[in-house]
Amino acid sequence: RDSETRRHAIRMAKRMKLGRLESCLQELKTLDCPDVRLEQYQTPPHIAAKILWEIDTHFGGINGKSVLDLGCGCGILGLGSLFLGATNVVGVDIDQRAIDIALENATQLEKFKEKVTFIRCDIQQIDEMKLGGLHFDTVIMNPPFGTQENAGIDAIFIEKALMLGNTVYSMHKTSTRKFWVKKSKEWNVKMNPIFEIRFNIDHTYEFHTETSRDVKVDLLQFSPAPKI
């Protein structure tokens, strides 16, 4: 009975910590006018918190680790990683407006601002040299889905992430899972679907015909294939 009570207490403590993480992420500022050409969709705080919590709790991918966020937007995944104990975070985005808001968000988090750097750069041009020679333990990102005028950009994000980090966690439409199985074999990397989540997308752009829509999204883990 005592051991059961302790396990219950641990579960409750974890839930409280997850709730605090989500609450902190809800305070971060976001873009008022996202750019359709960049497929800018803000990761909702409750989804960002769940994803970061899963990566850290079940895979040990954040606490004590260096973290890179490609296509960081306003910094929700990178700053959330700092809440969970990342040693340092670098966020990269092509949109200066997003970088400015990410910097503002970081400034508000006094105890973390020295541990995070945001860089404006086209993902297709990023390399370790532009990141100060750094190679990262973990890459966490919500890249463009590769729709509209950006066909193939999602694969470019993954390829860059695999070059710059040891393990990659990335969000992609569940409908494309078979595609990523195929690509991972081509790249000779291991791909693991961690979980499926419903990503709520509000009416953001003119081509959206619904007030709100749930899109099934996978959190995928990419890592070097085991050596035989």
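## Close-up views of a predicted model

**View 1. Contacts of Ser184.** With neighbours within four places in sequence left aside, Ser184 is in contact with Val189 and Met191. The model shown here is predicted. Ser184 sits in helix α6, which covers residues 177-187. Its side chain reaches the backbone oxygen of Val181 at 2.7 Å. Ser184 counts as buried because its relative accessibility is 5%, and buried means under 20%.

**View 2. Lys185 in helix α6.** Lys185 also lies in helix α6. Lys185 is exposed because its relative accessible area is 68%, and exposed means over 50%. Find Ala225 as well: Lys185 and Ala225 are 40 residues apart in sequence. In space, their C-alpha atoms are 9.2 Å apart.

**View 3. The largest nonpolar core.** This core has 37 residues. Leu79, Phe118, Ile140 and Leu219 touch the most other members. Elements giving two or more residues to this core include the helices α1 (2-26), α2 (45-59), α3 (76-83) and α4 (96-108). Strands β3 (116-120), β5 (165-173), β6 (189-202) and β7 (212-224) also give two or more. Helix α2 gives the most, with seven residues. In soluble globular proteins, nonpolar side chains tend to be buried together.

**View 4. Around Phe118.** Residues up to four places away in sequence are not counted here.

**View 5. A second core.** This core is separate and has 24 residues. Among them are Ile123, Val139, Met141 and Ala161.

Note on methods:
Residues are numbered from 1 along each chain as its sequence is written. This is a predicted model: local features need pLDDT of at least 70, side-chain atom pairs count only at pLDDT 80 or more; totals for chains, interfaces and linings use all residues. Side-chain values use heavy atoms; hydrogens and water are left out. Helices (H or I, at least four residues) and strands (E, at least two) are DSSP runs, numbered from the N terminus. Buried means under 20% relative accessible area, exposed over 50%, partly exposed in between (1.4 Å probe, protein chains only). A polar contact is a pair of N or O atoms within 3.5 Å; within protein, one must be able to donate a hydrogen and the other to accept it, and residues adjacent in sequence count only if both atoms are side-chain atoms. Contact means heavy atoms within 4.5 Å. A nonpolar core is a set of buried Ala, Val, Leu, Ile, Met, Phe, Trp, Tyr and Cys residues joined through side-chain atoms within 4.5 Å.
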